Amino acid sequence: MMRIGSGYDVHKLAFNRRLIIGGVDIPFSQGLLGHSDADVLLHAIADALLGAAALGDIGQHFPDTDDKYKDISSMILLTKVNEQLQQHNYKIINIDATIIAQKPKMAPYIMAMRENTAMALSINIEQINIKATTEESLGFTGRGEGIAAKAVALIDN
């Protein structure tokens, strides 16, 4: 049976943090604030996949109250989500995701993000699409206060 899920994540930009999106360390003056590496893209994708499988969300599986997830790479978390999908005999059909950020420009990093995501999920790169947009200086992302990501995932079993 085919199932669809959606995911959304947002993190505040902060100084003295690395900016990691899609498992890529992006040179920028600020990074995303969070318990883990705060990778908004991978968090949105993980939530979309967990939602499609009716397995809750990343907050349930990897709570920010648990020190073992402090500063953990979201690539590891996404790999663990994939293991849960496999345990329930789900296969990923495709994922479509959007990063919402005024700065920095994401285009130079999109292919590496797709490669990292495909690797973490053991899928073909053609099964994952990642794009980025600005919000024309509107809202918290447009003002450069944070970065958000949305994702939709289709799975089958």
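Ala, Val, Leu, Ile, Met, Phe, Trp, Tyr, Cys and Pro are here counted as nonpolar, Asp, Glu, Lys and Arg as charged, and the others, Gly among them, as polar. On that scheme, the lining of the largest pocket in this predicted model comprises 5 nonpolar, 6 polar and 3 charged residues.

The volume of the largest pocket is about 240 Å³. Its lining consists of 14 residues, and those nearest the pocket centre are S36, H43, I58, F62 and D64. Three elements, β1 (3-14), α1 (40-52) and α2 (58-61), each give two or more residues to this lining.

The second largest pocket has a volume of about 170 Å³. Around it lie R17, R18, I20, G23, S36, D37, D71, S73, S74 and M75 as lining residues. By class, this second lining divides into 2 nonpolar, 4 polar and 4 charged residues. S36 belongs to the lining of the second largest pocket, and S36 is also one of the residues nearest the centre of the largest pocket.

Because its relative accessibility is 57%, and exposed means over 50%, K103 counts as exposed. When neighbours within four places in sequence are left aside, K103 is in contact with F28 and I147.

Technical notes: Residues are numbered from 1 along each chain as its sequence is written. This is a predicted model: local features need pLDDT of at least 70, side-chain atom pairs count only at pLDDT 80 or more; totals for chains, interfaces and linings use all residues. Side-chain values use heavy atoms; hydrogens and water are left out. On a 1 Å grid over the protein atoms alone, a cavity is a set of points where a 1.4 Å probe fits but cannot get out, and a pocket is an open set with protein on both sides within 12 Å along at least five of seven lines; lining residues have an atom within 4 Å of a point. Grid points are joined across faces, edges and corners, and a volume is the space filled by probe spheres set on the points. Helices (H or I, at least four residues) and strands (E, at least two) are DSSP runs, numbered from the N terminus. Buried means under 20% relative accessible area, exposed over 50%, partly exposed in between (1.4 Å probe, protein chains only). Contact means heavy atoms within 4.5 Å.
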